[in-house]
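Have the structure up beside you as you read.

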There are 2 protein chains.
Amino acid sequence: MAYFDAASAAPLHPVARQALQASLDEGWADPARLYREGRRARMLLDAAREAAAEAVGCRADELVFTSSGTRAVHTGVAGALAGRRRTGRHLIVSAVEHSSVLHAAEVHEADGGTVTRVAVDRAGSVDPAAYAAALRADTALACLQSANHEVGTEQPVAEVAEAYRAAGVPLLVDAAQSLGWGPVSGGWSVLTGSAHKWGGPSGVGLLVVRKGVRFAPQGPVDERESGRAAGFENIPAIVAAAASLRAVRAEAAREGARLRELTERIRARVPELVPDVEVVGDPVRRLPGVVTFSCLYVDGETLLHELDRAGFSVSSGSSCTSSTLTPSHVLKAMGVLSEGNVRVSLPPGTATDDVVRFLEVLPGAVAGVREKLGAPSAVSIVREEDVLVVDALGKLCPLPVIELAKVIGEVPVGGRVRVLADDEAARLDIPAWCAMRGQEYLGEEPADRGTAYVVRRTA
Amino acid sequence: MAYFDAASAAPLHPVARQALQASLDEGWADPARLYREGRRARMLLDAAREAAAEAVGCRADELVFTSSGTRAVHTGVAGALAGRRRTGRHLIVSAVEHSSVLHAAEVHEADGGTVTRVAVDRAGSVDPAAYAAALRADTALACLQSANHEVGTEQPVAEVAEAYRAAGVPLLVDAAQSLGWGPVSGGWSVLTGSAHKWGGPSGVGLLVVRKGVRFAPQGPVDERESGRAAGFENIPAIVAAAASLRAVRAEAAREGARLRELTERIRARVPELVPDVEVVGDPVRRLPGVVTFSCLYVDGETLLHELDRAGFSVSSGSSCTSSTLTPSHVLKAMGVLSEGNVRVSLPPGTATDDVVRFLEVLPGAVAGVREKLGAPSAVSIVREEDVLVVDALGKLCPLPVIELAKVIGEVPVGGRVRVLADDEAARLDIPAWCAMRGQEYLGEEPADRGTAYVVRRTA
């Protein structure tokens with residue numbers, strides 16, 4: 001049994017468990033009270049804030065604890081936008097931000113603000129120059145993750161922060177995926193984090209607002225946490241979050257190197273072991289424990305089930321959308337294959353043997369799913385003039401791509417195949433398949449039902 | 001050492017601790033995931049929701065877990081108002097709601113909505129007829145607490161709910177103080193609660209929205225908890241909250257009767273043991289463990305310090321404003337004395353001996369504070385025509401009242417005293433003192449500085 005989904009939630013670190021249990025007795029009272037139990041709770045809260053601030057690299061009075069990373073993002077984006085409302089209502093985000101950032105941006109848009117979504121390259125990284133070029137006179141805020149949660153690519157935060165500082169525009173960094181590995185360097189203005197990503201308990205997020213950054217918290221007034229996080233403080237969990245952050249940081253250099261080696265092995269071996277696979281994300285500038293790949297002709301959910309049966313817990317597509325199984329917005333923005341997508345994110349302490357066993361199991365699991373899907377299909381194929389038409393209407397991904405791959409050999413080099421499909425994933429996966437296979441993607445054509453994707457055989 | 005501030009936060013119930021520790025191993029993963037650890041987390045979450053729903057008296061799919069009671073109120077008020085926006089933007093609250101409700105009402109007002117604040121009687125209770133009379137054609141929502149957090153008075157929720165149901169207007173009940181003692185009866189539409197008030201852990205609130213109630217969650221979209229509570233679920237704490245709610249309910253009848261007897265003893269004995277004291281709140285329709293009284297000529301904060309030194313943790317004024325020491329909005333709305341205010345709220349399991357010892361210690365503590373404050377005063381007293389003028393400008397409560405009490409005997413029956421004061425608490429405490437002492441309060445008069453409060457000696 002191996003849990004390889006640390007990017008969703010890491011198991012509780014032993015130090016977090018210890019600190020949580022110890023502070024259940026001391027930290028339950030209201031820290032705003034002046035009596036003994038309240039003073040004790042206040043002391044624990046203050047000490048946790050000091051420890052967390054040291055790990056983040058900020059002043060203690062710049063950091064508040066929220067009830068989750070998502071809440072930190074929502075509060076941070078809304079407060080920073082409101083604080084600079086007089087300057088303007090333009091917000092910049094990267095196209096591969098976490099859903100909490102993108103949903104906050106949607107709310108801003110619905111409320112009359114404007115949003116620029118900066119594109120990423122095939123590795124999932126923003127170009128600092130392109131990111132800086134998005135700046136306008138009315139830009140109130142920009143958001144950039146420290147590292148991507150789905151593919152592990154690290155963003156050039158320090159360079160971007162430098163450009164934004166020069167322009168006087170605050171940069172909010174969602175550091176949820178990287179904070180356990182080290183502080184975010186550079187001149188960011190607002191930073192958010194989430195304890196359960198580094199082995200802390202659920203229910204604790206961090207929101208840091210640098211002194212001097214204009215910030216106007218939205219929503220009903222509440223005195224707690226400098227007016228930036230409404231509701232009674234969850235002190236035992238906060239203490240556990242801060243203690244475990246220190247603990248994972250103490251292990252970060254050694255453990256980071258070890259996990260990087262393990263994920264490097266997966267990156268190298270998977271394409272050798274599994275045919276028709278694409279490893280995605282930046283091969284060098286990336287988180288130590290995350291590796292993501294997509295397998296052609298495979299249904300992601302079925303593959304996850306096969307891997308789960310074999311004792312491996314991994315995720316697919318987007319870490320925040322797998323319950324609805326929409327194609328991941330991150331893979332879409334990168335322009336890479338989304339079908340058969342698997343994200344492996346190793347928690348600290350992962351045994352080498354488990355990774356070895358995963359590499360043994362994976363090829364059979366993928367082959368099994370492919371065999372099932374490659375079985376009799378009810379897709380109709382018609383030759384129309386000089387085009388082979390594959391009617392995959394009503395067929396879900398990856399079937400349209402599987403059928404395309406089956407028939408491409410039936411047209412001469414230079415000939416065309418038109419795939420009719422109504423599954424949204426085809427829009428991403430057919431071009432991605434062409435890129436992987438060296439075929440030419442000619443684009444979409446209107447169709448009576450669904451969309452026609454046209455491919456020219458070039459090889 | 002006795003902790004008598006359960007209405008702020010109850011110590012963790014042993015069942016909560018047990019459930020929390022047990023579920024730290026099983027409940028850390030993402031319940032939206034399909035692999036083993038995710039399914040286990042989902043099972044725990046579902047079971048906790050079933051248990052909590054049974055205790056509340058609702059369907060499991062009507063209940064979501066939030067990160068605090070405050071958050072449940074903010075989300076509940078905003079969502080219910082938005083859901084009925086087409087009907088109108090009128091909100092009704094009682095004047096003695098928890099600050100989270102009143103602050104949500106302020107946001108609604110700032111956003112262009114209208115708010116009616118329904119008055120309470122001297123016992124802190126709303127009149128159901130007056131509450132129903134506040135209804136308008138454009139009323140979107142009404143909020144009424146099940147019981148008051150500062151004085152323990154139970155509100156006539158069932159009667160009010162009946163009237164509102166007949167009018168088709170949803171009633172939101174803030175049940176934070178009473179949910180551990182039993183379900184809220186009657187036809188409410190929305191209900192909120194807070195686990196740390198019943199001995200559950202911090203970081204868990206409840207929000208219940210009955211089927212059929214129009215509800216539109218505000219803020220950025222988030223899939224978790226039916227879109228009503230953004231952020232990763234804190235499952236170990238949720239499991240502990242649900243388990244401890246069942247546990248305290250099982251003990252509620254016996255423990256409620258026992259605490260009621262202890263608070264009854266405090267209600268009866270305090271006026272016998274301490275001169276110039278007013279016990280406030282409804283003597284019958286009240287929470288079992290809460291008793292509140294105000295001591296004339298006493299500074300609340302100093303008294304709290306004295307009691308803390310003697311080993312008793314109690315609160316003063318408003319449970320949510322004691323850190324800023326503003327006079328409580330609840331006591332103000334009731335028109336009772338706010339000076340020297342003490343709230344005793346006994347946690348389940350309070351030993352009789354601790355209450356006995358409290359009653360032994362209290363008279364000396366009050367006398368000590370009075371002695372300190374009764375000492376030399378720099379207040380100037382001038383006789384002007386037929387009025388004695390006491391200049392208490394710059395003097396903080398309770399000094400203006402102390403000086404008034406000192407000089408009232410110096411004017412003949414029928415004569416007047418004019419107290420000049422600029423401490424806001426005087427506006428509440430001088431009339432309250434007159435009511436307690438059988439003197440006639442004539443009202444305020446303009447003054448060059450501060451306000452002049454005029455009193456006629458009638459006894």
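1. Start with the lining of the second largest cavity: by class, 14 of its residues are nonpolar, four are polar and three are charged. Keep in mind that this is a predicted model.

2. How much space is in there? The second largest cavity holds about 270 Å³. It has 21 lining residues, and those closest to the centre are Ala6(A), Gln177(A), Trp181(A), Lys197(A) and Pro348(A).

3. Why does the second largest cavity lie between two domains? Domain 1 (7-248) and domain 2 (252-374) of chain A both contribute residues to its lining, so that is where it sits.

4. Now for the largest cavity, which has about 350 Å³ of space. There are 28 residues lining it, and the closest to its centre come from both chains: Ser67(A) and Gly203(A), along with Ser67(B), Ser68(B) and Gly203(B).

5. Look at the strands here too. Strand E2 (63-66) of chain A and strand E2 (63-66) of chain B each supply at least two residues of the largest cavity's lining. By class, that lining splits into twelve polar, ten nonpolar and six charged residues.

6. How many cavities of 30 Å³ or more are there? The count comes to seven.

Methods. Residues are numbered from 1 along each chain as its sequence is written. Chains are lettered from A and ligands numbered from 1 in the order in which they are written. This is a predicted model: local features need pLDDT of at least 70, side-chain atom pairs count only at pLDDT 80 or more; totals for chains, interfaces and linings use all residues. Side-chain values use heavy atoms; hydrogens and water are left out. On a 1 Å grid over the protein atoms alone, a cavity is a set of points where a 1.4 Å probe fits but cannot get out, and a pocket is an open set with protein on both sides within 12 Å along at least five of seven lines; lining residues have an atom within 4 Å of a point. Grid points are joined across faces, edges and corners, and a volume is the space filled by probe spheres set on the points. Helices (H or I, at least four residues) and strands (E, at least two) are DSSP runs, numbered from the N terminus. Ala, Val, Leu, Ile, Met, Phe, Trp, Tyr, Cys and Pro count as nonpolar, Asp, Glu, Lys and Arg as charged, and the others, Gly among them, as polar. Domain bounds come from an automatic or database domain assignment.
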